[in-house]
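This report describes selected features of one protein model, from its overall make-up down to single residues. Please keep the sequence and the structure at hand while reading.

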Amino acid sequence: MSDSTHFDAKEQVRAACDIVDVLSGYLHLRSQGRGYVALCPWHDDTRPSMQINPQRQSWRCWVCGIGGDIFSFVMKREGIEFREALELLAERANIQLNNQKPAAPAGSPDDKKTLFGALSWAERLFHEFLLHDPAADIARAYLQDRGISRDSIQRFQLGFSPNQWQWMCEKGRGSAYSQAVLEKVGLIGLSQKSAKPYDRFKGRVIFPIRDPQSRPIGFGGRILPQLADEKSAKYVNSPETRLFSKSEHVYALDLARDTIVQAGEVIVVEGYTDVIAMHQAGVKNVVAVLGTALGAKHIRLLRRYADKVYLVLDGDEAGQRRTNEVLELFIAQQVDLRVVKLPNEQDPCDFVQQEGPDRFRECLAKSVDALEHKIRVVTAGIDLGQDIHQANDALEDVLNTLAKSPHALTGTTSDVRLREHQFLARMARQFQVDEMELRNRLASLRKVNKKPQGIIDSAEPVNATASPTNYDPKDLDRWDCMLLQLLLGHSELVDAVIDEIGLDEILSEPARQIYAIYRRLALANWPCNFTNVMDELRDERLKYLLIDLDETRNTKSSMEPEEELKEIIDAYHKRHNDRVENQQMPDLEPKSQSLNDQEQLDILLQIVEQKRNRQGISSTTEG
C-alpha cells in the first residue's frame, strides 16, 4: 500500500494538471460532446479514435485498446516510469516534490527552469538570424547546397551564429539571462588565456538538440567551410550540462518519435544532415547520435520506443569499425539490431538525395542482424577450410560476442532461443565444427561473463507500444462485473461490500486485482474513487478495463444502489454456500459405508438444517 506521502504527491500534481491541458501539449484535441477526441499517436489513425474524458480525467483509444490517466499517458508517450512521469508533471506545474532539493532562485544558474528558458531564447535568436539577417546569406547558401529545404529549416529550427566572438555575449546583456546562466548551458565559454567570454558557436550553422518533450537542451554547430581554419573542428556540440548529456540523448527524437512508435523500428545515422535529408525524403523514423558512439544509455532510450534498430553508419572504414564496437552492447541487451551497409561508402544524406527513399528502403530490407554482421566481418578473407588458426580465432571472437547475451534458456523469448540455435547450427556447418562442441564452449564463456556489462534491468520500460491482449468486461464473471460497476458508481458502498465479500470470492483474476485495490484503499481510510483506484493500477490492461467498466455501467438502473448491492451480496453468499455444500457431499460418501441408516440420516438432516439457516428459512417444529 502506498503511504500518505505517495498519495499526497500524486493528488497535488493531478489537481494542478488537467488532463485536457496536458494532452493538448502533445495532441490536437477537438471538442466532441462532453469530452474531446484526438488522433491516437500509437497507430496510423485517420479518424480520431482517442477519447478524453475531462470529468473522469481519463483517456482511451478504442482501436489500440489502451487508456488511463495523465500519468499513464505521459509514461507511455515519453517511454518513462511512473516516478519520472510524476517529476515531469510536477515540474510542468511548478510543484516541489518532498524528496527534491529546494528550488534555486529564479534566474540563477542553478534554476532548471531558467536554463531551459535560456536555451529556448538562444534557439529563437539563432533561427531568426538565419532567416532574416543579411550576414546569414553564406549559411543559407550552404544549406541550399546541401539540399535542405525551407520547410526543414523551419521544422528543425535551424539557425546561424554569426562569425563574431561576442555576438551571443552582447545579446545576453540585454536579456533576462546572465553571463553565468549562458555559461551554464554552454552557449558561451571563457578564454583560458584572458578569462574573457566568447561565443562557443561562432560562425556555425546551428542544429538545436531537444529532449523528448521538444525542449532545447543543447546545440550542435557545423562550421561553414568558408569560415574554417586549420584549428576549427568541423562539428562542435554543447558541453555536458545539467540538461544535456550526449551519451543519453539522440538528435530529432522528438520529431521522429511518433513514426518510430507506429513502425516499431528506429533508424540510427551519424549526422544532423543525414537525419534532415531522410525526413525530407519521407523516411521519418530516423535519429542521429551526437558526436559519440552509441552506448548502453542510447540503447536504453531507443528500446523504449522500438523493437528493432537499424544502424546506418557511414560506409567508410571508420564507420564500419564503429559498427563493430557497438554490436556486443545490442546483443547483450537483446535488441534486434540490423546493420545497413550503403553502396560505394556513401553517407545516408547523399544516398537518399541521389538514389531516393525507395532505394534506401531496399537497403534496409537487405540488412543483416548483429551476429550475422559479426560473422561476415571476422571471416572476411579467411579460408575456413585451410586457415585453421585464423578460423579458430574468428570462431572464438563470434562466440565471445554471442556469450554477451543472456542464456538462451533463461529469461529469453522463444524467438531469441530459436535464433541462437539457428546461429550455432549454421556456425557449426560454416566452421566445420561439431555443434555440441560449440554449445559447450558457449556455456563456458557464459560462466565467465554471467552479468554482461551494461545490461539493462528487466524493469526498464521496453517498447512503450507493446500492448498485450486487453481484458474485456464481457469475459468477467457476471457478478464480478456487476460488483465493480456498482463500486465505480457508488464508492460509498465499499465498506459494506468488503464486510460481506472476501477477495477469494471474486472469480475473475482481473476483477480480483481491481477489487484488491478497493479493499486496500478502504482499509487505509483513503477515498475509493475512480481516480485513486486508477492510481494504484500498474497493469495497463487493468487501467483500460477500469475505464471500460465505468463507461459500460448502467447509470439508469431501475434499482436503488442499496437494493442492487443486496442482490449482489446474496448472489455471492449463495455461490459460497453451494461450493461449501458441494465440498461436503463427496466427503460424506466414503464415510457412509461405515455408518448405519440412522447415522446417515442424522448427517443429511444437519446439512439440510445448515442450508435452511443460510437461506433464512425457519426450522419446522414438532406439534
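## Basis

This is a predicted model, in which local features need pLDDT of at least 70 and side-chain atom pairs count only at pLDDT 80 or more, while totals for chains, interfaces and linings use all residues. Residues are numbered from 1 along each chain as its sequence is written, and side-chain values use heavy atoms, with hydrogens and water left out.

## Overall make-up

The protein has 26 helices and 16 strands. Helices (H or I, at least four residues) and strands (E, at least two) are DSSP runs, numbered from the N terminus. Of the 623 residues in the protein, 48% are buried. Buried stands for under 20% relative accessible area, exposed for over 50%, and partly exposed for what lies in between, with a 1.4 Å probe and protein chains only. Contact requires heavy atoms within 4.5 Å. Among the contacts with a separation of 6 or more, 66% are between residues 24 or more positions apart.

## Two helix pairs

Helix α11 (residues 272–280) packs with helix α14 (residues 348–355) at an angle of about 25 degrees, and their axes are 8 Å apart. Axes here are lines fitted to C-alpha atoms, for helices over the stretch in contact, and angles run from 0 to 180 degrees between N-to-C directions. The two helices are therefore roughly parallel to each other. Angles under 35 degrees count as roughly parallel, over 145 as roughly antiparallel, 65 to 115 as roughly perpendicular, and the rest as oblique. The crossing of α11 with α14 is left-handed; this term applies if the near helix is turned anticlockwise from the far one by less than a right angle, and right-handed applies if clockwise. Thr273, Asp274, Ala277 and Met278 of α11 meet Pro348, Cys349, Val352 and Gln353 of α14. Sorted by class, this contact has five nonpolar, two polar and one charged residues. Ala, Val, Leu, Ile, Met, Phe, Trp, Tyr, Cys and Pro count as nonpolar, Asp, Glu, Lys and Arg as charged, and the others, Gly among them, as polar.

Helix α17 (residues 388–402) and helix α19 (residues 435–448) pack at about 55 degrees, with axes 9 Å apart. That angle makes α17 oblique to α19. Their crossing is right-handed. On the α17 side, Leu395, Glu396, Leu399, Asn400 and Leu402 meet Leu438, Arg441, Leu442, Leu445 and Arg446 of α19. By class, the residues in this contact are six nonpolar, one polar and three charged.

Alanine 428 lies in helix α18 (residues 414–431). Alanine 428 counts as buried because its relative accessibility is 9%. Leaving out residues up to four places away in sequence, alanine 428 touches Val433, Asp434, Glu435 and Leu438. Its C-alpha atom is separated by 9.7 Å from that of leucine 395, 33 residues apart along the chain.

## Salt bridges

Side chains of opposite charge can pair when their charged atoms come close. The structure holds 37 salt bridges, each being a side-chain nitrogen of Lys or Arg within 4 Å of a carboxyl oxygen of Asp or Glu. Three of them are listed here.

| Salt bridge | Closest N to O |
|---|---|
| Aspartate 548 and arginine 60 | 3.5 Å |
| Lysine 297 and glutamate 248 | 3.2 Å |

Aspartate 548 in helix α24 (residues 540–552) and arginine 60 in strand β4 (residues 58–61) link distant parts of the chain, 488 residues apart. Aspartate 548 is buried at 10% relative accessibility, and arginine 60 is buried at 1%.

Lysine 297 in helix α12 (residues 296–302) and glutamate 248 in the loop between β11 (235–237) and α10 (253–263) also link distant parts of the chain, 49 residues apart. Lysine 297 is partly exposed at 40%, as is glutamate 248 at 35%.

Arginine 359 is partly exposed, with a relative accessible area of 29%, and glutamate 355 is partly exposed at 37%. Salt bridges that share partners also join Lys10, Glu11, Arg14, Asp69, Arg520, Asp535 and Glu536 into one network.

## Positive phi in two loops

Asparagine 94 is a residue other than glycine with a positive phi, near 60 degrees. Asparagine 94 lies in the loop between α4 (82–92) and α5 (112–132) and is exposed, with a relative accessible area of 62%. Serine 214, not a glycine either, has a positive phi of about 65 degrees. Serine 214 lies in the loop between β9 (204–210) and β10 (216–223) and counts as partly exposed at 37% relative accessibility.
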